[in-house]
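Here are a few exercises to work through with the model open in your viewer. Try each task before you read its solution.

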Amino acid sequence: MRGQAIRDLWRLLLLLGPAWRWQVAGLVLGILVILTNVGLLALSGWFITAMGMAGLGLLHIEYFVPAAAIRALAILRTVGRYLERLVTHDATLRLLSDLRVWFYTHLEPLAPAGLQRHRTGDLLSRIRADIDSLDNVYLRVLAPSLAAFICMCFITIFLARFSLAAAVTDLLGLIIVGIGLPMLAFRAVRRPAEAAVSGRGRLRADIADTIRGYDELRVFGALMRQTSRQEVAHTALDRLKLQGTRIESAATGSALVLIQMTMLTAFAVTIHPVISGRLPAPDLAMIVLLVLASFDAVSGLPGAYRALGQTLGAARRIFEIVDTPPTVKDPTQEAPVPARLDITFRDVSFRYPGSEGWALRHINCHAPAGSAIGIMGQSGSGKTSLVNLILRFWEFQEGDITIGGVSIRDLSAETMRGLCSVITQQTHLFNTSIRENLRIAKPAATEVEMEAALECAGVREEVLAMTRGLDTMVGELGAQLSGGQARRIAIARAFLKDAPILILDEPTEGLDALSEDAVNRALTRLMQGRTSLVISHRRQTLRLFRTILHIADGRIIGPEQVTRMIADKQ
Ligand SMILES: Nc1ncnc2c1ncn2[C@@H]1O[C@H](COP(=O)(O)OP(=O)(O)OP(=O)(O)O)[C@@H](O)[C@H]1O
């Protein structure tokens, strides 16, 4: 477990790389601020004592230089603090955006196969909260720890020039308050902190689920049960938080006591040389105040240990996803994209990872370039699995699928998806304007191209008749449009993408007869000249095809078998 934490921490530190200049600048400024703060208090103590003694005629001092130095330190401290905040936060924000991009590039190849065991809310929590926690590694862990270490060295060396005993006392105090105590607190707080991170992720996922299924929960009267379960989870999280806060408060209180004790001990070990005249009296005030101020150097360490617990918990969850090998691997050397786009399945068998049974078994079929093939079969027979293999969402275990004679394993997933347009009954419309939804297919699409695509999809008139035309907002999941309009806008998107292969999965499902007719007309236009695979169980849609594949239990069955099956059922 400890080895794992160290490996995770090392990996995190390696991720800090790109913004290192800003991070080093932030660190240098942080050290400067601590040292000016300590110097200011120590010099002020020395100056006040020396001036008092000079007033009594016990000492003769030249006050101009120390007075000017105090002013300079005060200004330096304020400006330094401002610059330090500016630079460290800039470094953190840069790191955060780098981390998000890094995580996303690892996340994308996993979709959808590698992510199906994670709930959407949990993924969201990892992308947002966990990545946010990772930036702590610089701002709250690394920078304060390094600054503390370097300042401790400076302060001890400086003190030792006046009193070795005071220097050793201070160093011991700093080690106990800055390292020993927070380490103990960290050990005690780590488990609740990690449990809180994963508990929060689960609760978020659960709440996201509840909001999505709100209507169903109300209809089935299950809302109270669901929310009370969340209340229990919330109370458990509060308990974990309280546990952590208690430990932290105890550590903070003990630190204050230890700081006072160190200061008193430093006073005790320095008073003797002062009385015996080996050390000037103003130095006593300087040493005592310097010891007190020196704890400023380690004040960030308890927070650093606390953040470390949280950060390591978040890092584990992030690395867990990043380390998931993609289900579909891209070839090291990609084959050239074939000119002819016929699709052939040769003895393909596929089963979902972790599943016992085969979803598809010995599939052999051929779709000539430009042809349209209908795919029918009962629910769960394997129709969607078949087309998802072409989209490289999953890797098949046996046989081969070729496009124009080239195995799809020799083409990258991105190339394959670039060759295909997909329309399903759940085709996603984003909660933005029709224009932006169309631009997803072709970012540089002109007004004329968009209108032409809408025209081909048979929805141009309707869109232009809307008050805001192409700028009409479609609402969440296209809720502001009718089902048929949303489907035809999805078809317009496919016209804009102009991909040579078309995959349609129940494209008219859920539409009334009138809308189905309009969508079918648009689809017929879209399929022209494209190799199309169309899943449907609607007779009206299937009538469009000369070739129909019947799938049952993951196998393609011939027409006689279909007849027999139908006869058996009757
Ligand atoms: N992501 C998945 N993980 C594991 N098994 C799956 C997954 N998706 C589908 N299956 C299983 O694979 C089999 C084929 O499912 P598939 O979705 O391809 O059927 P389908 O014919 O498209 O069904 P429908 O018409 O209901 O969409 C089913 O037994 C299903 O339970």
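Two strands pair if DSSP finds at least two bridges between them. Helices (H or I, at least four residues) and strands (E, at least two) are DSSP runs, numbered from the N terminus. You're looking at a predicted model, where local features need pLDDT of at least 70, side-chain atom pairs count only at pLDDT 80 or more, and totals for chains, interfaces and linings use all residues. Residues are numbered from 1 along each chain as its sequence is written.

**Exercise 1.** Work out the strand order of the open sheet.

Start with strand 4 (residues 398–403), which pairs with strand 5 in the antiparallel sense over two bridges. Threonine 402 has serine 407 of strand 5 as its bridge partner. Now go across the sheet: its four strands run in the order 2-1-4-5, with antiparallel pairing. Strand 2 (360–367) and strand 5 (406–407) each pair on one side only, which puts them at the edges.

**Exercise 2.** Describe how helix 6 and helix 8 are arranged.

Take the axes (lines fitted to C-alpha atoms over the stretch in contact, with angles from 0 to 180 degrees between N-to-C directions). For helix 6 (residues 164–212) and helix 8 (residues 223–275), they come within 9 Å and cross at roughly 175°. Angles over 145 degrees count as roughly antiparallel, so helix 6 and helix 8 are roughly antiparallel to each other.

**Exercise 3.** Find which helix gives the most to the shell around the ligand.

Count a residue as near if its C-beta atom, placed from the backbone, lies within 6 Å of the molecule. Twelve residues surround the ligand, with Tyr352, Ser379, Lys383, Thr384 and Ser385 the closest. Helix 11 (residues 383–390) gives the most, three residues.

Terms used: Parallel < 35°, antiparallel > 145°, perpendicular 65-115°, else oblique.
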